[in-house]
Amino acid sequence: MKKQVIVGIDIGGTNLKIGIFSLEGDLLKTWKTSSKPLQNPQNIQNTLLNELNRFEEFTNIKAIGIGVPGLVRSDGVVVESPNFPEWHEINFNEILKNSLNVPVCIENDANLFTIGEGFIGSAKDCKNFVGITLGTGVGGGIVLNGKIYRGNKGMAGEIGHIVIHPSGPQCSCGKKGCLEAYSSATAIEKMMEQQTKLILNAEDISGLALKGDKIAQKIFEKAGYHLGIGIATIVNLLDIEMIVIGGGISKAWQLLERGISKGFSEHTFKTHLEKVEIKKSLLEDNAGIFGGFFIAKEAISNFEVS
Ligand SMILES: [Zn+2]
């Protein structure tokens with residue numbers, strides 16, 4: 001008999017990442033491919049099924065957990081996604097039901113990252129913490145009393161749009177001075193262009209900073225500093241145990257760290273400064289698929305109990 005597995009899928013604006021797990025949570029296989037074909041909602045079913053069929057030995061799937069960059073309603077329908085403008089009210093459960101007939105759970109990608117880190121990453125055993133993802137934008141997930149806090153309309157955790165300066169730089173949301181306008185890859189790239197006229201991606205800019213480029217170093221420090229101010233706002237509001245930071249930009253941790261500490265210490269209480277941990281993601285690129293495993297596993301347990 002084929003081994004039973006749980007699948008975690010992390011759909012990003014660029015990559016589609018898939019993880020195959022044993023029922024106990026061991027990551028057996030992971031791979032990634034382009035998420036471009038998913039732009040057209042008509043292609044979602046075939047693209048996902050083709051990927052899952054690539055590894056025949058894993059075809060005995062028990063449940064699937066999927067992370068998407070967008071607004072996910074409490075019934076699992078993806079209302080909209082800034083990375084996939086053609087998506088409107090996408091129901092992955094409906095799309096995959098006929099061909100797979102297993103529980104399919106959907107979660108916002110930043111929430112899934114946060115769940116993954118809480119399950120087996122940096123925030124393991126934490127009951128109250130916040131996850132922040134630094135990528136093209138800045139995302140966030142809030143865990144209170146061991147559960148993701150979704151808010152009234154499922155929109156909680158938009159940490160990227162905490163206002164740092166009301167008259168600050170333009171943000172992707174149309175407003176001004178949001179955290180995302182200071183600490184995202186897009187913001188780092190813009191700062192570099194403004195100061196040097198060079199058009200580089202954030203990874204190249206971090207490479208320059210690591211080689212000692214003073215301008216690039218200052219830009220990362222500034223991104224970290226404003227992130228520290230945003231973190232102080234979150235901690236002052238929620239009195240949590242820990243902040244976990246992931247996403248592509250977090251790989252430049254050594255460039256951000258000093259700025260984060262400075263921004264945080266200047267804007268929070270002494271007791272938080274002593275007690276609250278600010279950690280880098282442990283699972284890095286795999287946090288989303290581990291989160292996917294966790295929500296899928298939970299769905300099976302609920303199913304079996306009821
Ligand atoms: Zn904004």
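What follows is a short chat about a predicted model of one protein chain.

Reader: What should I know about numbering and confidence?
Author: Residues are numbered from 1 along each chain as its sequence is written. The model is predicted, so local features need pLDDT of at least 70 and side-chain atom pairs count only at pLDDT 80 or more, while totals for chains, interfaces and linings use all residues.

Reader: How many helices and strands?
Author: The protein chain has 10 helices and 12 strands. These are DSSP runs numbered from the N terminus, helices being H or I with at least four residues and strands E with at least two.

Reader: What is the radius of gyration?
Author: It is 19 Å, which agrees with the value near 19 Å for a compact globule of 306 residues. The radius is taken over C-alpha atoms, and the globule rule is 2.2 Å times the number of residues to the power 0.38.

Reader: And how much counts as buried?
Author: 44% of the 306 residues. Buried means 20 or more other C-beta atoms within 10 Å of the residue's own, exposed means 12 or fewer, and partly exposed is in between, with C-beta atoms placed from the backbone.

Reader: Which residues have the most contacts inside the largest nonpolar core?
Author: Val7, Ile66, Ile188 and Ile243, in a core of 85 residues. Helix H7 (residues 214-238) gives the most to this core, with 11 residues. A nonpolar core is a set of buried Ala, Val, Leu, Ile, Met, Phe, Trp, Tyr and Cys residues joined through C-beta atoms within 7 Å.

Reader: What does Ile243 touch?
Author: Leaving out residues up to four places away in sequence, Ile243 touches Phe129, Val130, Ile132, Ile231, Ile234, Val276 and Ile278. Contact means C-beta atoms, placed from the backbone, within 7 Å.

Reader: Switching to H5. Which residues are buried there?
Author: Ala185, Ala187, Ile188, Glu189, Met191 and Met192. Their cover includes helix H4 (180-183), helix H6 (202-210) and H7. After H5 comes Lys197, with a positive phi near 70°.

Reader: What is the strand order in the open sheet?
Author: E3-E2-E1-E4-E7, 5 strands with mixed pairing. Strand E3 (27-34) and strand E7 (104-108) are the edges, each pairing on one side only. Two strands pair if DSSP finds at least two bridges between them.

Reader: How many bridges join E2 to E3?
Author: 7, and strand E2 (residues 15-22) runs antiparallel to E3. Ile20 stands opposite Lys29 in E3.

Conventions:
Contact = placed C-beta atoms within 7 Å.
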